[in-house]
Amino acid sequence: MSVLKQFAAGLADGSIRVVDLTQPLGPDTPVIGLPDIFGQSPGLSIDVISRYDDAGPGWYWNTLTLGEHTGTHFDAPVHWVTGKDHPNNTTETIPASKLVAPACVLDCSTESAANPDFLLTPDWIERWEAQHGRIPAGSWVLMRTDWSKRVGADAFLNIDENGPHSPGFHKTASEMLAKERDVIGVGVETIGTDAGQAGGFDPPFPNHTIMHGAGKLGLASLCNLDQLPATGAIVFAAPLKIVDGSGSPLRVLALA
Ligand code: MN
């Protein structure tokens, strides 16, 4: 039997599960806020064009207004200044072959519950690898924090007088994953692929800086990572093919 026939049989008999890693996208979906001196990315607004009414008696459709980086979304390398000169660095030029890839799921949920500013380190990754094997080149690294289980924008953004607090990557971990492991990118459950406090790190937003500088991809606001095995899942993460796009909301699915 061919691999794809076996695959179809696995889908049909339920031995392969399809896990939705995507948050619902609506007007209440939280968006990242930047200091006032910078431009702000709007959340989603939906305007009805017609809904079986005078504007369109037989059809329903909407106009969407939103930032590219809203809700569960994809970061292309061109999103960051360090990735601006890479070839095929936009949503419409990234090769389709990069949009389907295996995943390693690093469960940092205990650490993140204890410390919302938890940063993944190379030591932590090496301990994971001692148990599960070396992270293969071309894999997604998905950082499970259970952050997606936080209910409401306040708990999700977790902002106090010192700014947002949410887990992320120490810059040395981003360097390791991008350069020594040659991952395809990293995915997180938080609003962006950097820690909440990362605007004050050196460099600011080190994960974006390092990953996109190495031509790597990003996924933010994922969920259901607790339904994936540590290794062996396949992730489908295909952004909208926006011309010169820096990213896009998307439906992320995993086979497990
Ligand atoms: Mn983004």
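Figure 1. Cys223 is buried, with a relative accessible area of 7%; buried denotes under 20% relative accessible area, exposed over 50%, and partly exposed the range in between (1.4 Å probe, protein chains only). The sulfur of Cys223 lies 17 Å from the closest cysteine sulfur, that of Cys108, which is too far for a bond. Cys104 is likewise buried, at a relative accessible area of 3%. The structure contains zero disulfides, a disulfide being a pair of cysteine sulfur atoms within 2.5 Å. Cys104 takes part in no disulfide, and its nearest cysteine sulfur, in Cys108, is 13 Å away. The model is predicted: local features require pLDDT of at least 70 and side-chain atom pairs count only at pLDDT 80 or more, whereas totals for chains, interfaces and linings use all residues. Residues are numbered from 1 along each chain as its sequence is written, and side-chain values use heavy atoms, with hydrogens and water left out.

**Figure 2. Protein donors of the manganese ion.** His69 (ND1), His73 (NE2) and Asp75 (OD) are the protein donors, at 2.1 to 2.3 Å from the manganese ion. Donors are N, O and S atoms within 2.8 Å of the metal (3.2 Å for Na, K and Ca); because water is not among the atoms, sites may look incomplete. The spacing of the donor residues in sequence is H-x3-H-x1-D.

**Figure 3. Packing of helix H3 against helix H5.** The axes of H3 (residues 122-132) and H5 (residues 171-180) come within 8 Å and cross at roughly 50°. H3 is therefore oblique to H5; angles under 35 degrees count as roughly parallel, over 145 as roughly antiparallel, 65 to 115 as roughly perpendicular, and the rest as oblique. Axes are lines fitted to C-alpha atoms, for helices over the stretch in contact, with angles from 0 to 180 degrees between N-to-C directions. Helices (H or I, at least four residues) and strands (E, at least two) are DSSP runs numbered from the N terminus. Pro122, Ile125, Glu126 and Glu129 of H3 meet Thr172, Ala173, Met176 and Leu177 of H5, where contact means heavy atoms within 4.5 Å.

**Figure 4. Surroundings of Gly43.** Gly43 belongs to the loop between strand E1 (18-20) and strand E2 (45-53). Gly43 is partly exposed, at 25% relative accessibility. Leaving aside residues up to four places away in sequence, Gly43 touches Val31, Thr65, Leu66, Gly67 and Thr70.
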